[in-house]
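Dear colleague,

I am handing over the structure we spoke about, and below it you will find my notes on what came out of it. Please read them with the coordinates open beside you.

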Amino acid sequence: MTTKSFDVVVIGGGPGGYIAAIRAAQLGFNVACIDEWKNEKGGPAPGGTCTNVGCIPSKALLQSSEHYEHAARHFAEHGIGLKDLSIDVATMVGRKNTVVKQNNDGILYLFKKNKVAFFHGRGSFVKAVEGGGYEIAVGGETLQARQVIVATGSNPRPLPGVPFDEELVLSNDGALRIGAVPKTLGLIGSGVIGLEMGSVWRRLGAQVTVLEALPGFLPMADEQIAKEALKAFNKQGLKIEFGVKVGEVKAGKKGVSVAWTDAKGQAQTLEVDRLIVSIGRVPNTTGLNAEAVGLKLDERGAIVVDADCRTNLAGVWAVGDVVRGPMLAHKAEEEGVAVAERIAGQHGHVNFDTIPFVIYTSPEVAWVGKTEQALKAEGRAYKAGTFPFLANGRARALGDTTGMVKFLADAKTDEILGVHIVGPQASELISEAVVAMEFKASAEDIARICHAHPSLSEATKEAALAVDKRTLNF
Ligand code: FAD
Ligand code: NAI
């Protein structure tokens, strides 16, 4: 068996891995990327969780279900009449599959364009090579490289003793390929997946109940924004029970029965056609054979890395969901780029303080930087300014006036410390705040910049003006 030599081998072709491979190739290295994801025909499907069962397919279904909801509830306001509105779930899911395939093919094309050698299969450490570097087995082949980037991602966390069957008890994977709108849908966990997947199936007519262990909603978001978002979700009919303890889960022929205890300690039962369990994800190192080389994992199973994504082994790096930090595709990508640049002797850098968070519900929720409760806990003096979309002309024209933009700025220097948005296009609006914070802008800087009229971004400018109590349109 021959050994193929590379400068850099990347294990995992999700957003962390494939972006690291492309960046390393751009920097002149001879690069291989190994990914084991299979499409339904058994062929390669690079892009990882994000492309296959995460970011991309969930947004495709969110888009389809949003069109349906607009047609059902809002077209009439525009004078548009519709008869016999219906949803063909098979077509909707088929479209989603096409979008996924376009992304898989796009990544294979990018590998070719950048001369990254792609290996389809599971990559496993074999041994450290004398004099530096590592041997990695994939299929029947052996690859060797001095630098290895591990980007093996994460898996959904099941409830203890309740494995996913992907028919009745669903992870994010099964939740994205339900064949018909369930009459009743249960979700365990009101985190990001719970809200996004709950929204998709609620919009299409399912009666959705979410059981959440914590007493409050979205604790990582700004409290005022989370409160406003919850109000909107409740109004839409998304029912969330807080402070619950989930007990026995039984999947039968007709559906799933969940025994749970409510916040007052009362025993309850939830009977649903399908159950989505979205209680977080766990780092994935299955089959990596980390033990063979002594790669250190923590008690959660995450690969231990320093701030620069260096592991305990010389020349082995790890990025994305398999290491500490938020499990977000753009965080994985930034780490991948930074590691490739560090291997090339450059100063790759990821600013963890300006990573944006987005929940693609309607209204969307997005934020960057510190929340008001975090600033209070730190004892930092701050000023806050908010502006409601209700007072924004473009939002009124769109017929989507829920929510607000909120700025938090240092009381003395006026530096922007956090921006929080609940409302239309929050996912796009947050970019301005990210750029501003990267450049250490003040709220006044944003307030003095000309924003197009009419646009939702004027709400951002007005919220910045509100920090100084001088909004013009409210
Ligand atoms: P992954 O994307 O998990 O990729 C890891 C890859 O490595 C996989 O292809 C896997 O098969 C492969 N692999 C693992 N072990 C091996 C091995 N030994 N050999 C070969 N290959 C291996 N994030 C966002 O930022 N925005 C969103 O809108 C968003 N939506 C999401 C929606 C859902 C439903 C889910 C579940 C997640 C979502 N995420 C979102 C999170 C995002 O998908 C992850 O943060 C991101 O995919 C992590 O990238 P990664 O490269 O670290 O790992
Ligand atoms: P999550 O961490 O967002 O939310 C999990 C929720 O489940 C929490 O509210 C938690 O309190 C609750 N929970 C945990 N155990 C429970 C139990 N036994 N009973 C009831 N509730 C319980 O995790 P989720 O939604 O599974 O998503 C995983 C990750 O995927 C996210 O953290 C995020 O990083 C990523 N993601 C990102 C998206 C985006 O950026 N738009 C979209 C979807 C996922």
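**Around ligand 2**

An oxygen atom of ligand 2 sits 2.9 Å from a polar backbone atom of Ile193. Please keep in mind throughout that this is a predicted model. A backbone N or O atom of Gly280 lies 2.8 Å from an oxygen atom of ligand 2, while a nitrogen atom of ligand 2 is found 3.1 Å from a polar backbone atom of Ala213. Taken alone, ligand 2 would expose 840 Å², and the protein buries 76% of that area.

The shell around ligand 2 counts 22 residues, and those that come nearest are Ile193, Glu212, Gly280, Met327 and Val358. Sorted by class, this shell holds 13 nonpolar, 5 polar and 4 charged residues. Helix α6, which runs over residues 192-203, gives the most to the shell, with 4 residues.

As a general background, nonpolar side chains in soluble globular proteins tend to be buried together. Here the largest nonpolar core has 38 residues, of which Leu195, Trp201, Phe217 and Ile240 touch the most other members. Several elements give two or more residues to this core, among them α3 (55-74), α4 (89-113), β9 (184-188), α6 and β10 (207-211). The element that gives the most to the core is α7, with 5 residues.

**Aromatic pairs**

A search of the whole structure finds 7 aromatic pairs. In one of them, Phe6 and Phe119, the ring centres are 6.0 Å apart and the planes stand at 85°, so the pair is edge-to-face. This pair links distant parts of the chain, since Phe6 belongs to strand β1 (residues 3-11) and Phe119 to strand β3 (residues 117-120), the two residues being 113 residues apart. Both Phe6 and Phe119 are buried.

Phe125 and Tyr134 also form an edge-to-face aromatic pair, with 6.0 Å from centre to centre and 75° between the planes. Are these two partners buried or exposed? Phe125 has a relative accessible area of 1% and is therefore buried, and Tyr134, at 6% relative accessibility, counts as buried as well, the cut-off for that word being under 20%.

Finally, Phe217, Phe233 and Phe242 form one aromatic cluster.

With best regards

Conventions
Residues are numbered from 1 along each chain as its sequence is written. Chains are lettered from A and ligands numbered from 1 in the order in which they are written. This is a predicted model: local features need pLDDT of at least 70, side-chain atom pairs count only at pLDDT 80 or more; totals for chains, interfaces and linings use all residues. Side-chain values use heavy atoms; hydrogens and water are left out. A residue is near a molecule or strand if one of its heavy atoms lies within 4 Å of it. A polar contact is a pair of N or O atoms within 3.5 Å; within protein, one must be able to donate a hydrogen and the other to accept it, and residues adjacent in sequence count only if both atoms are side-chain atoms. Accessible areas come from the Shrake-Rupley method with a 1.4 Å probe; for residues, only the protein chains shown count as cover. Ala, Val, Leu, Ile, Met, Phe, Trp, Tyr, Cys and Pro count as nonpolar, Asp, Glu, Lys and Arg as charged, and the others, Gly among them, as polar. Rings of Phe, Tyr and Trp (its six-membered ring) pair if their centres lie within 6.5 Å; planes under 30 degrees apart count as stacked, over 60 as edge-to-face and the rest as tilted. Buried means under 20% relative accessible area, exposed over 50%, partly exposed in between (1.4 Å probe, protein chains only). A nonpolar core is a set of buried Ala, Val, Leu, Ile, Met, Phe, Trp, Tyr and Cys residues joined through side-chain atoms within 4.5 Å.
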